[in-house]
Amino acid sequence: MKKQLANLITSLRILFSIALLFLKPLSPAFLTLYVAAGITDMTDGTVARLTNSVSEAGSSLDTLADIVFTAVCMIKLLPMLDIPVWAYWWASAIALTKAVTLAIGFIRFRKFTAVHSLMNKITGAVLFALPLTLSFIELKYSAAAVCAAATFAAIQEGHYIGGRK
């Protein structure tokens, strides 16, 4: 059982994410499950390392859980948010930067290369916090914070991949 605990935690993120589809966005129940899903994302890898149960299957399950959680959040939150046009342009520039970095990594190393940097983790944390701050921080400010962090992370990732031998 100890060896399966991390995968159980990851599986809970998938279940919590699916349950979010049936809740009103930003309602107390939605936010509770949203936070619970975030906690599973922060703990599953740590539990896997502590129990010496890191596996390729667990990593794949984690990626699937991340995709499901992200997709559900986009489905539920994007339609209700009045995202400034500049934020879409900025996000597009970040996506293009990351795509170019991914292509450069593939050309240099013959495989897709990603950097799990501290700045990428900070960007994820700021993005995760955004829905939790909507009641007291205007979206234009929190969107700017997310975009700024993501820009720095994308540039840093490009530097790391471009400079790797």
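Residues are numbered from 1 along each chain as its sequence is written, and side-chain values use heavy atoms, with hydrogens and water left out. Because the model is predicted, local features need pLDDT of at least 70 and side-chain atom pairs count only at pLDDT 80 or more, while totals for chains, interfaces and linings use all residues. Helices are DSSP runs (H or I, at least four residues), numbered from the N terminus. Buried means under 20% relative accessible area, exposed over 50%, and partly exposed in between (1.4 Å probe, protein chains only).

**Nonpolar core**

- The largest nonpolar core has 16 residues. A core here is a set of buried Ala, Val, Leu, Ile, Met, Phe, Trp, Tyr and Cys residues joined through side-chain atoms within 4.5 Å.
- Leu20 and Phe69 touch the most other members of the core.
- Helix H2 (28–50), helix H3 (56–77) and helix H6 (139–163) each give two or more residues to this core.
- Leu20 is in contact (heavy atoms within 4.5 Å) with Phe30, Leu33, Tyr34, Phe69, Val72 and Lys76, leaving aside neighbours within four places in sequence.

**A buried lysine**

- Lys76 sits in helix H3.
- Lys76 is buried yet has no salt bridge. The nearest side chain of opposite charge, Asp82, is 19 Å away.
- Not counting residues up to four places away in sequence, Lys76 touches Leu20, Leu21, Leu23, Pro25 and Phe30.

**Surface**

- Met1, Leu5, Leu8, Leu12 and Leu15 make a nonpolar surface patch of about 490 Å². Patch residues have over 30% relative accessible area and no salt bridge; like charges are joined within 9 Å, and nonpolar side chains (Val, Leu, Ile, Met, Phe, Trp, Tyr) within 5 Å. Areas come from the Shrake-Rupley method with a 1.4 Å probe, and for residues only the protein chains shown count as cover.
- Leu12 belongs to helix H1 (residues 5–20). Its relative accessible area is 32%, so Leu12 is partly exposed.
- Leu118 is part of helix H5 (residues 118–133). Leu118 counts as exposed because its relative accessibility is 63%.
- Leu118 and Ala153 are 35 residues apart in sequence, and their C-alpha atoms are 8.4 Å apart.

**Salt bridges**

- Side chains of opposite charge can pair when their charged atoms come close.
- The whole structure holds six salt bridges. Each is a side-chain nitrogen of Lys or Arg within 4 Å of a carboxyl oxygen of Asp or Glu.
- Arg13 and Asp41 form a salt bridge at 3.6 Å, N to O. Arg13 lies in helix H1 and Asp41 in helix H2, so this pair ties together parts 28 residues apart in sequence.
- Arg13 is buried, at 0% relative accessibility. Asp41 is partly exposed, at 36%.
- Asp66 also meets Arg13 in a salt bridge, at 3.2 Å, N to O. Asp66 is in helix H3 and Arg13 in helix H1, so the pair ties together parts 53 residues apart in sequence. Asp66 is partly exposed, at 27% relative accessibility.
- Glu157 bridges to Lys98, with the closest N and O atoms 2.5 Å apart. Glu157 lies in helix H6 and Lys98 in helix H4 (residues 85–109), so parts 59 residues apart in sequence are tied together.
- Glu157 is buried, with a relative accessible area of 7%. Lys98 is partly exposed, at 31%.

Technical notes: Lys, Arg positive; Asp, Glu negative; His and termini not counted.
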